[in-house]
Structures are given as structure tokens and as C-alpha cells.
Amino acid sequence: MIETSARLLKLLTLLQSPRDWTGAELAERLQISPRTVRSDVERLRSLGYPVDATRGSVGGYRLGAGAALPPLLLDDDEAVAVVIGLRKAAGVAGVEEMSLRALTKLEQVLPSRLRRRVSTLASYTVQVPADEAGPQVDPEVLTQLAGLCRDREQLRFDYLSHDGTASLRRAEPHRLVNWGRRWYLVAFDLERDDWRTFRVDRVRPRIPTGPRFTPRELPAGGDVAAYVSRGAAAAAWRYTASVEVAVRASVLAERLTPAVGVVEPIDDRRCLLRTGADRVESLAVHLSLLDEDFAVVEGPPELTAYLEKLAERYRRATSS
């Protein structure tokens, strides 16, 4: 039989998983009696952990939301994953500083074996900086929009379009999408009677919000990530291009992230990449990293001129 303190920690770990546990299941996992399970649950409650219980044949236990944040019990892989996520946090105003504080606290309590794994990963990993810092999103706005999506409440907001035009919009918010270094709101625009994608950093919500709405079937068959990838590219990039690449669409799609562009099949040997960037130089670099033969089908003349300049530069570099 597990000692009481160790048994309580194991019970707390099980209750943190997103599911309900019956008393019989917990008793089997902990190798104790159902009566001891009930006693241990009461001990956790006396320590301030809000353990919720439901009665009936399908009833069970789960850890509820409390007034204070309880200690998190993470296994080795979960702890490493959290540290990696905190190191990469970006795109929301103030998150970098908050992530650094949380990271400092977490690393102080990591066991030596995990601290070594994390330190090794940080020392031998190089992150390529983005072409630009990207717009910062107000975390309060992001949280408010997520709440409206959850509660299915209409949103009235001021919106600044790509060309600088301001307008008052009314929409039904459904999902938030993090695409590249930007955040987008996927919503049904009530004035235009169609789905729209809005840059969150350009959204200024108005209070109070509107009435509740009935959820609609999401666009793109529910794949909102693909919908944002296709619809937001032209608005997000200053320069766009359609490029024919000499490789199957499935092969190229596996290499690229949604932030790079959208891949469409042409035939078994070719595909069309719709991509872009805020700088012609960055766009040219993206194309060179495809490591495949390509031809620009449609794009700005500045791109063609810069590709010719790069080609000449490479010829001079290799002639010697």
C-alpha cells in the first residue's frame, strides 16, 4: 500500500487529467479501497483543492476550478514541453515578460535531470528570427474575444482595415487563429452576410456586447486554420506571388507551415504555391529554400528583378 502522502500526490495527479474518475477506477489505480478513496478526497478538500463529485451510476470525481492555483504535477515530458513553450511565447503584448517570470519559477523547481535536458536543448538549438517582430495583441482583447466565442455573444467593434479605413462592424465571433506571428478572429459578418477574417490587433471591441447567437457551420468544412491561411495571406503580405513548383503538392505541403502559404495541386509532378512576404528579399529567400525548380506564374516585377539580381550574385560567387 502506498504511503498516505505519496498516495495523495498520485490521486491529485489523476484528478488533474481532463476526465471524470469513478471511485472504483481510482481505487484500482491506487490499489486501495473505495472507502479510502473517499477519505483521501476529503483530505485533498481540507488542503484547499476543489474536488468536484457527481452522484449516480456515471458519477465520479474531478479537480474543479479553485480560488487559488494549486501546485501542478507534471511528468518529465510535460515539464520539458512547458519550458519549451514558455521560451517560444510571442505575439501577445506582455506575454514575453510574463513567460520569462514563469520560466524562472519553473526552472528553479525542476529536478536536476530535467534541468540538464532543458539546458542542453536551449544550448544547442538556434531559432531563426522572423523578418519582422509582428504586431502585438492586447491580451485583454484576446481574452475578451475568446470569451465571446465561448459564450456565443455578438460583437460590435471598430476595425481598421489594411488600407487604413476605419469602420464599425457587427459579427458573430466563432474562433481565434494564431497564424504565423499574427492573431485572427474568424467571425460571421452580419452586415455582409458572410464569413470574414479580422486581424485581432486591429479590433477594438465596443461595450456592451450584443445578444447571444446560434452557432453556424464553420467555413472550409470546419478547418478554420486552412480558411485563415487562404483568406488572410493577401491582406497580411505586402508582396504576393503564385509560384509553380516542380514537385507534388502533398510533398511540398509537408515541408511548409501554413504561415508560408497555400499549396494547390496542378498534376502528379507540379503544384502551385501561393505565398508572400512583407519584403521582396524575404520572398526570394523563401523560394530559394524550397529546394525545387520553380517558376513565378504571377508576382510583382520587383520580385523578378530581385531574383535576377540574386542569380547574378550567385554566378559571381561560384565562378571563382
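**View 1. Gln 31 sits in the loop between helix H2 (23–30) and helix H3 (34–46).** Helices here are DSSP runs of H or I with at least four residues, strands are runs of E with at least two, and both are numbered from the N terminus. This is a predicted model, where local features need pLDDT of at least 70, side-chain atom pairs count only at pLDDT 80 or more, and totals for chains, interfaces and linings use all residues. Residue numbers start from 1 along each chain as its sequence is written, and side-chain values use heavy atoms, with hydrogens and water left out. Gln 31 isn't a glycine, yet its phi is positive, near 60 degrees. Most residues other than glycine have a negative phi. With a relative accessible area of 64%, Gln 31 is exposed (exposed is over 50%, buried under 20%, partly exposed in between; 1.4 Å probe, protein chains only).

**View 2. Arg 152 is in the loop between helix H7 (139–151) and strand S3 (155–160).** Here's another non-glycine with a positive phi: about 60 degrees for Arg 152. Arg 152 has a relative accessible area of 39%, so it counts as partly exposed.

**View 3. Ile 207 and Pro 208 are joined by a cis peptide bond.** Omega for this bond is about 0 degrees. Most peptide bonds are trans. Pro 208 belongs to the loop between strand S7 (203–205) and H8.

**View 4. Ala 226 is part of helix H8 (residues 224–236).** Ala 226 is partly exposed because its relative accessibility is 21%. Look for Val 262 too: it is 36 residues away from Ala 226 along the chain, and their C-alpha atoms are 8.3 Å apart.
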